[in-house]
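Here are a few notes for you, written as you meet this one for the first time. Have the sequence and the 3D view open as you read.

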Amino acid sequence: QVQLVESGGGLVQPGGSLRLSCAASGKIFGIVAMGWGRQAPGKQRELIAAITSGGNTNYADAVKGRFTISRDNGKNTVYLQMNGLKPEDTAVYYCNVRVTTTGYWGQGTQVTVSS
């Protein structure tokens, strides 16, 4: 019913930047929030950024000041601008959308930060 497609992942050097995009489609009327989570090797998935339809944002401490989440409500798309990337940011990044009371996750996109 709801599909999420992430894009923009890849390999970057430490200190570099990357911009992730996630487009939502399907039965998505009534989106109340969108966000990003990530899962690094050997760790559990963690929510790192979220934004409500009203524009309120929240960030995990590990990415605060370096990552910026934004949303284009008209295009049902959420973005994650990642600056000052560190090797510890290496993970699979997942898009999340909440429609009314139901949450959905995308398939993820790999981000690798290495020299």
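**Notes on the model**

1. Start with Arg-66, which sits in the loop between strand E6 (57-59) and strand E7 (67-72). Helices (H or I, at least four residues) and strands (E, at least two) are DSSP runs, numbered from the N terminus. Before going on, bear in mind that this is a predicted model: local features need pLDDT of at least 70, side-chain atom pairs count only at pLDDT 80 or more, and totals for chains, interfaces and linings use all residues. Residues are numbered from 1 along each chain as its sequence is written, and side-chain values use heavy atoms, with hydrogens and water left out.

2. Is Arg-66 buried or exposed? Its relative accessibility is 14%, so Arg-66 counts as buried. The cut-offs are these: buried means under 20% relative accessible area, exposed over 50%, and partly exposed in between (1.4 Å probe, protein chains only). Gly-65 is in the loop between E6 and E7 as well, but Gly-65 is exposed, with a relative accessible area of 78%.

3. What does the side chain of Arg-66 reach? It makes a polar contact with the side chain of Asp-89 at 2.8 Å, and it reaches the backbone oxygen of Gly-84 at 3.0 Å. A polar contact is a pair of N or O atoms within 3.5 Å; within protein, one must be able to donate a hydrogen and the other to accept it, and residues adjacent in sequence count only if both atoms are side-chain atoms. Leaving aside neighbours within four places in sequence, Arg-66 is in contact (heavy atoms within 4.5 Å) with Gln-81, Met-82, Asn-83, Gly-84, Leu-85, Lys-86 and Asp-89.

4. Now follow E7 itself. In a regular strand the side chains alternate between the two faces of the sheet.

5. E7 pairs with E8 in the antiparallel sense over 6 bridges; two strands pair if DSSP finds at least two bridges between them. Ile-69 stands opposite Leu-80 in E8. E7 and E8 form a hairpin with 4 residues between them.

6. Have a look at Asn-76, in the loop between E7 and strand E8 (77-82). Most residues other than glycine have a negative phi. Asn-76 has a positive phi of about 50° although it is not a glycine, and Asn-76 is partly exposed, with a relative accessible area of 24%. Thr-100, in the loop between E9 and strand E10 (102-105), also has a positive phi, of about 55°.

7. How many disulfides does a search of the whole structure find? It finds 1, where a disulfide is a pair of cysteine sulfur atoms within 2.5 Å. The partners are Cys-22 and Cys-95, with their sulfur atoms 2.0 Å apart. Cys-22 lies in strand E3 (residues 18-26) and Cys-95 in strand E9 (residues 91-99), so the pair ties together parts that are 73 residues apart in sequence. The torsion about the S-S bond is about -85°, so the disulfide is left-handed. Both Cys-22 and Cys-95 are buried.

8. Arg-45 lies over the face of Tyr-94, at 3.7 Å from the ring centre, and Arg-19 lies over the face of Tyr-79, at 4.4 Å. A charge sits over a ring if NZ of Lys or CZ of Arg is within 6 Å of the ring centre and within 35 degrees of the ring normal.
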